[in-house]
Amino acid sequence: MAALDLLGRRWTLRVLWELHDGRLGFRELQARCDGMSSSVLRTRLVELVAEGLLAQDTTGYRLTPIGAELAEAIGPLNAWAQRWKGPRPPARSGAR
């Protein structure tokens, strides 16, 4: 359950998702995560580095191998979310 607790924290999945294509610096990552404060981003990054999902160097943050596995596992959830968000048939009147 520790993994679900970590992933359930606000913005955690978004940070992981934004890093799935490669390394990003702090400001670029913050720009991709619309509306996230710098303090929340810093907290999430510290947590994800401490848990071994991200690594940091002088050029930014990147997924570790286990973090990349997690990002791959999130892919189907993203695909489902896109289908769910897409066009929906009109509601039938009288539907229960």
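I began with leucine 29, which touches Val15, Glu18, Leu19, Leu24, Leu41 and Leu45, not counting residues up to four places away in sequence. Contact here means heavy atoms within 4.5 Å.

A note on what I am looking at: this is a predicted model, where local features need pLDDT of at least 70, side-chain atom pairs count only at pLDDT 80 or more, and totals for chains, interfaces and linings use all residues. Residues are numbered from 1 along each chain as its sequence is written, and side-chain values use heavy atoms, with hydrogens and water left out.

I took helices (H or I, at least four residues) and strands (E, at least two) as DSSP runs, numbered from the N terminus.

That sent me to H4. I found 13 residues spanning 18 Å from first C-alpha to last, close to the 18 Å expected at 1.5 Å a residue; the expected span is 1.5 Å times one less than the number of residues.

Which residues of H4 are buried? I listed Val40, Leu41, Arg44, Leu45 and Leu48. They lie on the same side of H4, because they cover an arc of only 130 degrees around the axis, taken from the directions from the helix axis to the C-beta atoms. For burial I used relative accessible area: buried is under 20%, exposed over 50%, partly exposed in between (1.4 Å probe, protein chains only). On the other side of H4, Val46 and Ala50 are exposed.

Leaving aside neighbours within four places in sequence, arginine 44 is in contact with Arg9, Arg10, Trp11 and Thr12.

Last, I checked aromatic rings. Rings of Phe, Tyr and Trp (its six-membered ring) pair if their centres lie within 6.5 Å; planes under 30 degrees apart count as stacked, over 60 as edge-to-face and the rest as tilted. I counted one aromatic pair. The rings of tryptophan 80 and tryptophan 84 have centres 5.7 Å apart and planes at 5 degrees, so the pair is stacked. Tryptophan 80 is partly exposed at 44%, and tryptophan 84 is exposed at 51%.
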